[in-house]
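Open the model in your viewer and keep the sequence panel beside it. The tour starts with the whole chain and then moves to one element.

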Amino acid sequence: MKVIDGSYGEGGGQILRTAVALSVITGEPIKITNIRANRPNPGLRPQHLHGILALKELCNAKVKGAEVGSKVLEFYPGKIQSKHIKVPIKTAGSITLVLQALLPAMAFADKEVTFEITGGTDVPWSPPVDYLKNVTLFALEKMGLRAEIEIRRRGHYPKGGGIVAGKVEPWEEKKELKATRFAKIESFEGISHAVKLPSHVAVRQAKAAKQVIEKTYPNIPINIIEEHYERDKDPHLGPGSGIVVWANTDVLRLGGDALGKRGKPAEVVGEEAAKELLDQLKSRHAVDKFLGDQLIPFLAFAGGEIWVSEITKHLVTNIWVVEQFFGKVFEVEGEVGKPGRVKVVKKV
């Protein structure tokens, strides 16, 4: 049984998500110790638990230690089934973090897998669902992986209640990804949303983001969709707002995002997202710092080379987890906090 130290690197929930997904894919049982040991509230949190239970259902696994607060988990995978996975996160726990665990594993089913997850779509410390849908899935499609996400309802902290449904087709043709430098930015796009709030919140976020981007790139088209609801036709459980913007380059998409919160002007939210995106574009490396670590498990199987705008601790940790299963897979050039390159030297 493979034993993985959950306190390695930044010691967060990502070790858990990637390790359990790879256990499902390889059929190899694992034991994860010291789960989130370096965090203020160590052990499994509800959203990690939901990711594990979803993977358990996907492959009929046997699991020990799957409860909130547990610091040790044993996972004995079965065979991946083509089925409909329902994940009811009762809180505003992150839907996208659950999908980070599920996506690689679902891709290895022999038929299409469908899913419906209830929880938080736009919450702190995790990628917004619009980023996953428009940036991550765009990159995975280049690697031959076809997946769809539909946002049926948004969920913000603290009430949650967001609903995301979708499907993943079997990953039959694994295409190598070469994403080094981009030569040009073709356009900018984005989605600015406000729920259970006045429509002008979404409008002001979008306008502020557009103004910041136009200062640096005055001649490139920008289209930011504004999503808002009439008061009596708003199906959401609680108020919230946010914006995701991305650049369409000749290679991939790079993104930036920001969340609204009480007392934070809509203009500040829009500016934050735009500035984050502009930061990602400075190095002209084709992969932003958020996408870099998300691609690692997929790159191990598809092969290729990515140049990232920043090597993050998340990226380094994800590489470490993958290499616990397969030995040396990646070569990394560059240091944490700076632009760098990641190359697959031995495909799985």
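Begin with a surface view of the chain: its accessible surface comes to about 14800 Å², of which 49% belongs to carbon and sulfur atoms (areas by the Shrake-Rupley method with a 1.4 Å probe; for residues, only the protein chains shown count as cover). This is a predicted model, in which local features need pLDDT of at least 70, side-chain atom pairs count only at pLDDT 80 or more, and totals for chains, interfaces and linings use all residues. Residues are numbered from 1 along each chain as its sequence is written, and side-chain values use heavy atoms, without hydrogens and water.

Switch to cartoon. The chain has eight helices and 16 strands (DSSP runs numbered from the N terminus: helices are H or I of at least four residues, strands E of at least two).

Colour by burial next. Of the 348 residues in the chain, 56% are buried, meaning under 20% relative accessible area with a 1.4 Å probe, protein chains only.

Select residues 95-106, helix H3. Twelve of its twelve residues are buried, so H3 is largely enclosed by the rest of the structure. Then check the length: at 1.5 Å a residue, H3 should span 16 Å, and its end C-alpha atoms are 15 Å apart, which agrees (the expected span is 1.5 Å times one less than the number of residues).

Terms used:
Buried < 20%, exposed > 50% of the residue type's maximum accessible area, 1.4 Å probe, protein only.
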